[in-house]
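Open the model in your viewer and keep the sequence panel beside it.

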Amino acid sequence: MSTPAPVAPAGPRPVAPGSPLWRRWLVVVTAGEAAGFLVPVLVVLSGAADTAGAAGLVVLLLAGAAEGALLGAAQASVLAREVADLSRRDWVLRTAAAAVLAWAVGTGPSTWAAAVLDWPVPVQAVLAVVAGGVLLGSIGVAQWTVLRRHVPHAGRWVAWTTAAWLAGLAVFTAITTPLWQPGQAPVLIAAVGAVGGLAMALTMAAVTGRGAVRLLAGRRRT
């Protein structure tokens, strides 16, 4: 009489790389970030951000908040299908707040931090490293404060998002730098920005999607 094959114990269902989760994340998050990035692009092209004083900066930061909110809403819509008790509200609000911080840091040298250019070079270098870390890691840290309630080793999300934004911004720069030229029509400037933003969004979504898959792998669907 043959011995029955052992039955594998029931356990969490793995989420494999290249799974429907990754594909869904890639499509939804790319769309969310691409749409969100158009908000600050249109604000800049409209001239609203050129308002003198702090008003122009405030307008740009509000546009950054809108970008972050759209990105956060897209991500939360995918995550909520895997993590039933995820607070979409917290995810969206914290992502929007982090986007404001990232935009504030990113626009600093041309706005409120212009005086830093007169400081000693070593000091500028240190500040540049710190600012770069804040710019790339702010969204990941903000989202980690929500994700840690639900996913083991959620701190890894910060590394994934940092890598994703580094890659995304590199792609955006590589596309837009040679295409943006002085004296171009606003429509052409917007078109280049939209193409660069879409490529950035796709790159960021591909990397963060892989991170989401890794973090959710083995987690029991709730």
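Helices are DSSP runs of H or I with at least four residues, and strands are runs of E with at least two, numbered from the N terminus. This is a predicted model, in which local features need pLDDT of at least 70 and side-chain atom pairs pLDDT 80 or more, while totals for chains, interfaces and linings use all residues. Residues are numbered from 1 along each chain as its sequence is written, and side-chain values use heavy atoms, without hydrogens and water.

Select Arg94 and Asp90, both in helix α3 and four residues apart, about one turn of the helix. Their side chains meet in a salt bridge (4.0 Å, N to O); the term means a side-chain nitrogen of Lys or Arg within 4 Å of a carboxyl oxygen of Asp or Glu. Asp90 is buried, with a relative accessible area of 15%, and Arg94 is partly exposed at 30% (buried is under 20%, exposed over 50%, partly exposed in between; 1.4 Å probe, protein chains only).

Shared partners join Arg89, Asp90, Arg94 and Arg149 into one network of salt bridges.

Next, select Glu82 and Arg24, another salt bridge (3.1 Å, N to O). Glu82 lies in the loop between α2 and α3 and Arg24 in helix α1 (residues 20–46), so the pair ties together parts 58 residues apart in sequence. Glu82 is buried, at 9% relative accessible area.
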